[in-house]
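The tour below goes from one selection to the next.

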Amino acid sequence: MVGLGRGPLSLVSQLGPSRFSYCLTSFLSPEPSRLNFGVFATLNGTNASSSGSPVQSTPLVVNAALPSLYFMSLKGISLGQKRLPIDPLVFAINDDGTGGVFIDSGTSLTWLQQDVYDAVRRELVSVLRPLPPANDTEIGLETCFPWPPPPTVTMTVPDMELHFDGGANMLHPILSLLFCRGSTTVSQYHVSTYDLCSILLPQIL
């Protein structure tokens, strides 16, 4: 494990580079993840990503109560083409240092404030309406769907887009937010079935 936070024990703090950048690719991607330091970590508006899109950026925010973490100003969330009805103030850092949105690249799950989680879950359940939602109590994931859908049902799972301060938009392929749980083979038809579970959870206060 490599620590990249602002704390004194992290690799970044010990090496002391002027800047660093990293890109953690999907486990399904043939491309390796990358970690760059110093001049190799320079990004600017003329650079383009591997997809050909211009590089986007949003300011990092310092939370005095948790100074080692990288906070950002999240303004909204979309599923597919629909911007969800979420008050941007729910993403703000409170006066006592609670709240806010920060990056934790060492955690597979994403915790959302309860109102935000409820809005995302409602829309996901609505989009996947032919499939009955269920909980996976064994591993603690609250929103799961049987998969694949019946042959007569055409199903498109929308990507999620995060909208940040400064106009930056981060598109999450839906496969990065879903976890395949279990497998059962129906021998007569040779069909494997499993649960598709969202890795989004409500924040526990």
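Begin with the rings: this predicted model contains 3 aromatic pairs across the whole structure.

Select Phe 71 and Phe 102. Their rings form a tilted pair, 5.3 Å from centre to centre and with 55 degrees between the planes. Phe 71 sits in strand 4 (residues 70-72) and Phe 102 in strand 7 (residues 101-103), so this contact ties together parts that are 31 residues apart in sequence.

Next, select Phe 20, Tyr 22 and Tyr 70. Ring pairs join these residues into a cluster.

Now turn to the charged side chains. Side chains of opposite charge can pair when their charged atoms come close. How many salt bridges does the structure hold? There are 2.

Select Lys 82 and Glu 123 for one of them. The closest N and O atoms of this salt bridge are 3.1 Å apart. The pair links distant parts of the chain, with Lys 82 in strand 6 (residues 82-83) and Glu 123 in helix 2 (residues 114-127), 41 residues apart. Is Glu 123 buried or exposed? Glu 123 counts as buried, because its relative accessibility of 12% is under 20%. Lys 82 is partly exposed, at 42%.

Finish by selecting Arg 34 and Glu 31. Their side chains meet in a salt bridge with an N to O distance of 3.8 Å. Arg 34 is partly exposed, with a relative accessible area of 45%, and Glu 31 is also partly exposed, at 44%.

Terms used: Residues are numbered from 1 along each chain as its sequence is written. This is a predicted model: local features need pLDDT of at least 70, side-chain atom pairs count only at pLDDT 80 or more; totals for chains, interfaces and linings use all residues. Side-chain values use heavy atoms; hydrogens and water are left out. A salt bridge is a side-chain nitrogen of Lys or Arg within 4 Å of a carboxyl oxygen of Asp or Glu. Buried means under 20% relative accessible area, exposed over 50%, partly exposed in between (1.4 Å probe, protein chains only). Helices (H or I, at least four residues) and strands (E, at least two) are DSSP runs, numbered from the N terminus. Rings of Phe, Tyr and Trp (its six-membered ring) pair if their centres lie within 6.5 Å; planes under 30 degrees apart count as stacked, over 60 as edge-to-face and the rest as tilted.
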